[in-house]
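Please keep the sequence and the structure in view while reading.

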Amino acid sequence: MKEDFKKTFKVSSFENLIVSIFVIGYKNIGESIVVLFRDVHDNVDETIMSMVIDSYENGNLTRKILKKYNVNKLDFVCWTHPHVDHSQGIDALIKNYFHDDIVIFVPKFYFGNLTEDVLASESAQTPQIFGEIWNLVEKNKNIKEIWRSISAFGDATNIYPMQLYSDDLYSKDVCFYFLTPLGSRTDKHANKGNQLSKPNELSISFVMSIDGYDFYFGGDTENEHAKGIKKDIVKSMRWIKVPHHCSLGAKYIADNIGPQFDFAASTVYKKSGLPKTEIQEIYAKNGTLHMTQLNETKTYRLKYDYGIIQYDYHFSDFKINVDITTYANAQEYTSTISRMPADDEN
């Protein structure tokens, strides 16, 4: 392995590579994302890289997907922030898939140092969850590689570089680059006794870039953290897991997507009245937006307590194709606002 790559992954041929992203969202609250790099050929479907972003252990849908694709060890886990809708069961998930080469990304904060009122109202289980994970990590010989506390700058400074290569000696660059939480803001909180208004201030968001195609995983990033992300990075995003369930606080991301934008996916958090139609409309008008569930109407009834959106990206040597499958309550969002005519249509 080259010294400048953190990890390498081998695929038989890039014609056989499928990058599968499963966005899991529940009816009222909760989300998890599974990312798999799959080598599919000759009746073989082998997972060569696996990652889980956040957890909400309702029906164990995350584990069911991992089991379906024969994943016994996770390469990466990202716990974006300590809200219950992103955290429930993530300690048990890590424990079940833990090994010496796993990498765990967490915000650069000792979660137990959050103010008691925040923990009580927003993330009461955080100390217990953190403790269970830390017990697995702290005495491991590879702790420096396993435990990755993330503090970022809104740009491509904090990078985790990897390489994907094939038997025919072709290779593709793969990397994560972390954009939030902004250290300039969280450090100020730390210096003032960890006075955080909301755990969303801690939320990790990052880009997974594969040969220049940028996937953005937004966590619950919003407000000043979202606004601190460089505009040119937002414009290069092709696939977006919409930050904070299509909230107005993350409008900066929606307002700055570029002409290359293809797809967005979002979950819901009904307790806070999310998603917001204004944000949904921006994504739908500039590309395609999928929701893990839409608002229940006379013509659309929520039959299940979950929805899953599966994106299968086929990365060949010459082109990228995408297959999309929706399960249970998940659907494509259709704009409810009449399209404005273009200038040449007037």
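## A buried histidine

His99 counts as buried because its relative accessibility is 13%; buried means under 20% relative accessible area, exposed means over 50%, and partly exposed lies in between, with a 1.4 Å probe and protein chains only. His99 sits in the loop between helix H3 (90-96) and strand E6 (103-107). Helices (H or I, at least four residues) and strands (E, at least two) are DSSP runs, numbered from the N terminus.

Apart from neighbours within four places in sequence, His99 is in contact with Lys73, Leu74, Asp75 and Ile146, where contact means heavy atoms within 4.5 Å. A polar atom of the His99 side chain lies 2.7 Å from the backbone oxygen of Leu74.

## Basis of the model

The model is predicted: local features need pLDDT of at least 70, side-chain atom pairs count only at pLDDT 80 or more, and totals for chains, interfaces and linings use all residues. Residues are numbered from 1 along each chain as its sequence is written, and side-chain values use heavy atoms, with hydrogens and water left out.

The quantity pLDDT is the predictor's confidence in each residue, from 0 to 100. Its mean over the protein chain is 88, and 87% of the residues reach 70 or more. Over residues 114-121 pLDDT stays under 50, and the model has 18 contacts beyond four places in sequence for them. Over residues 338-346 pLDDT also stays under 50, and there the model has 2 such contacts beyond four places in sequence.

Ala152 is found in the loop between strand E7 (147-150) and strand E8 (158-166). Ala152 is buried because its relative accessible area is 1%. Beyond four places in sequence, Ala152 is in contact with Phe178, Leu179, Thr180, Pro181, Leu182 and Gly183.

Two of these partners, Thr180 and Pro181, are joined by a cis peptide bond with omega about 5°. Pro181 belongs to the loop between strand E9 (171-180) and helix H7 (183-191). Another cis peptide bond runs from Leu274 to Pro275, with omega near 20°.

## Positive phi values

Asn70, a residue other than glycine, has a positive phi near 60°. It is exposed, with a relative accessible area of 59%. Cys246 likewise has a positive phi near 60°, but Cys246 is buried at 0% relative accessibility. Cys246 lies in the loop between strand E12 (237-241) and helix H10 (251-255).

## Nonpolar cores

In soluble globular proteins, nonpolar side chains tend to be buried together. A nonpolar core is a set of buried Ala, Val, Leu, Ile, Met, Phe, Trp, Tyr and Cys residues joined through side-chain atoms within 4.5 Å. The largest nonpolar core has 41 residues, of which Phe37, Phe105 and Trp239 touch the most other members. A second, separate core of 29 residues includes Val71, Val77, Leu93 and Ile133.

## The cavity

How many cavities of 30 Å³ or more does a search of the whole structure find? The search finds 1. On a 1 Å grid over the protein atoms alone, a cavity is a set of points where a 1.4 Å probe fits but cannot get out, and lining residues have an atom within 4 Å of a point. Grid points are joined across faces, edges and corners, and a volume is the space filled by probe spheres set on the points.

The largest cavity holds about 50 Å³ of space. Its lining includes Tyr26, Glu57, Arg63 and Leu93. Helix H1 (residues 61-68) gives the most to this lining, with 3 residues.

Terms used
Polar contact = N/O pair within 3.5 Å; in protein donor to acceptor, adjacent residues only side chain to side chain. 1 Å grid on protein atoms, 1.4 Å probe; cavity = no way out; pocket = protein on both sides within 12 Å on 5 of 7 lines; lining within 4 Å.
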